[in-house]
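I opened this model to look up its helices, its charged pairs and a few single residues. My entries follow in the order I made them.

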Amino acid sequence: MKLGIGIGWRPEIADEVEALPGIDWVEAVAENLCADHLPASLTRLRERGVTVVPHGVSLGLGGADRPDPGRLTALAERAALLGTPLVSEHIAFVRAGGPRTASPVLEAGHLLPVPRTWAALDVLCENVRIAQDSLPVPLALENIAALISWPDEELTEGQFLAELVERTGVRLLIDVANLHTNHVNRGEDPATALDELPVEAIAYVHVAGGVEKDGVWHDTHAHPVTAPVLDVLAELRSRVSPPGVLLERDDDFPPAAELAGELDAIRATLDAGRGEVPRTRSAEPSTLPAPAPVSGSPGLDAVRDRVAVAQVSLLCALVAGAPVPEGFDHRRLGVQSRALAAKRADVVAKVAPELPEILGPDYRDAFLAYAKARPMPAGYRRDALDFAEQLLIAGRPEDNAARRRLTYWWQDRAAPRPPRRTTRLARAARSVLAGR
């Protein structure tokens, strides 16, 4: 299946993506698409013959629990709606807690790394098989970037991916920016990872930008693609000609000319490797795993319980101020914790732009103080409501007019059903008067 050169479709750059020359395909975040209709821009792209691939971010296939049937159904519906040749997700966990640990379910709001252990691999493989059986098209899984490492890991990244492919037949989505991130943050050699993983299983490749701060690489998707990331792409190209390569950008979108320039740099990197004899895979997993528990067996459930405890302990340390689990780097966990809170503040500001408008320059500090004491138990929209509610309970903001505006905003969204038109008009009028 040949995809070609693509770019991540985002509503903020929909017009620019449509106008870019030489775009063979686009990738859209699956959770941002409605199940029954497509944005007009994606419809026009499809009519032009541009392939659209849904990219999931919320399944949490690396989590201790089996995939949620509702989330799988939603991803399958979007695949059917788009007529896509495949779907993609991540090798990560995104939530933890629940019945297995007798604790509340916590959402990370981010993709967190799975420990590269045989136990975590057993759980991941069964989850992947469940997902494959539920989807109408093949599944490709992406390696993620990480600020932190699990203690006592038993496999390298390349070995872990090779075992996953061997056991499940899943395709791979290799993000070369994430390989570079893990090189800076965890000292892992991208070339070694590429040598160890089965490059023939690659469905497509991601290329994205980031930034280094205080010796830590942040995979922001909001900065230009750097030369070291293109170097990793060249390393991959020396081993295989990837069926598809896609530029990702999620924030701080540049002008269309800069996006076109980054796509040209990607094309040039791929063209430079054309004609080379691909290098073959030179390494295999150094040890063989013990026989994996049979899917659904009591043995695997016991493994899931152990993985659940480990993951909830880590997530509680990251988002709820719990003690750092043994073996983790305290400083790196602090960096990750602050990054999660900052991302949470940014996303809430996007889904509820009225909040930073009402609170002004105090928004960010107020939200970070709230996030420090309140983990996210549900999605970002619920988070925005809970944040506003906590401010109002505390009698904030101190400005009376701003507090009234925040009250009306919260009332309009927190009621069990939308207010009637007359109520909305009255609240809008009071809000205008309060702002004078």
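These are my notes, from the whole chain down to single residues.

**Ground rules**

I am working with a predicted model, so I noted the limits: local features need pLDDT of at least 70, side-chain atom pairs count only at pLDDT 80 or more, and totals for chains, interfaces and linings use all residues. Residues are numbered from 1 along each chain as its sequence is written, and side-chain values use heavy atoms, with hydrogens and water left out.

**Whole chain**

I looked up the secondary structure and found 16 helices and 12 strands. Helices (H or I, at least four residues) and strands (E, at least two) are DSSP runs, numbered from the N terminus. The chain has 436 residues, and 50% of them count as buried. Buried means under 20% relative accessible area, exposed over 50%, and partly exposed in between (1.4 Å probe, protein chains only). I then looked at contacts, meaning heavy atoms within 4.5 Å. Among those between residues at least 6 apart in sequence, 75% join residues at least 24 apart.

**Helix α14**

I checked the length of α14, residues 380-393. Its 14 residues should span 20 Å at 1.5 Å a residue, and the end C-alpha atoms are 20 Å apart, which agrees. The expected span is 1.5 Å times one less than the number of residues. Which residues of α14 are buried? I listed Y380, D383, A384, L385, D386, F387, A388 and L391. Their cover includes β6 (103-112), α11 (330-351), α12 (354-359), α13 (363-373) and α15. Just after α14, I noted a positive phi of about 75° at G395.

**Helix α15**

I ran the length check on α15, residues 400-414. The 15 residues should span 21 Å, and the end C-alpha atoms are 21 Å apart, in agreement. The buried residues here are A401, A402, L406, Y408 and W409. They cover an arc of only 160° around the axis, which puts them on the same side of α15. The arc is that of the directions from the helix axis to the C-beta atoms. I kept the general rule beside this: an α-helix has 3.6 residues a turn, so residues three or four places apart point the same way. At the N-terminal end, D399 caps α15, with a side-chain oxygen 3.3 Å from the backbone nitrogen of A401.

**Salt bridges**

I counted 24 salt bridges. The criterion is a side-chain nitrogen of Lys or Arg within 4 Å of a carboxyl oxygen of Asp or Glu.

R344 lies in helix α11, so the pair ties together parts that are 39 residues apart in sequence. Both D383 and R344 are buried.

Next I took R44 and E18, whose side chains meet at 2.8 Å, N to O. R44 is in α2 (residues 40-47) and E18 in α1 (residues 14-19), 26 residues apart. R44 counts as partly exposed at 39% relative accessibility, while E18 counts as buried at 17%.

D301 and R100 also form a salt bridge, the closest N and O atoms being 3.6 Å apart. D301 lies in α10 (residues 298-319) and R100 in the loop between β5 (93-98) and β6, so the pair joins parts 201 residues apart in sequence. D301 is partly exposed, with a relative accessible area of 25%. R100 is partly exposed, with a relative accessible area of 25%.

**R249**

What does a buried arginine without a salt bridge reach? I found R249 in the loop between β12 (244-247) and α9 (256-272). The nearest side chain of opposite charge, E262, is 4.3 Å away. The side chain of R249 reaches the backbone oxygen of A222 at 3.1 Å. A polar atom of that side chain also lies 3.3 Å from the backbone oxygen of H223. Not counting residues up to four places away in sequence, R249 touches R10, H221, A222, H223, P224, P254 and E262.

**L139**

Last, I looked up L139, in strand β7 (residues 139-142). L139 counts as buried at 4% relative accessibility. Residues touching L139 include L61, V87, V128 and V170. The C-alpha atoms of L139 and V128 are separated by 8.6 Å, the two residues being 11 apart along the chain.

Methods:
Lys, Arg positive; Asp, Glu negative; His and termini not counted. Polar contact = N/O pair within 3.5 Å; in protein donor to acceptor, adjacent residues only side chain to side chain.
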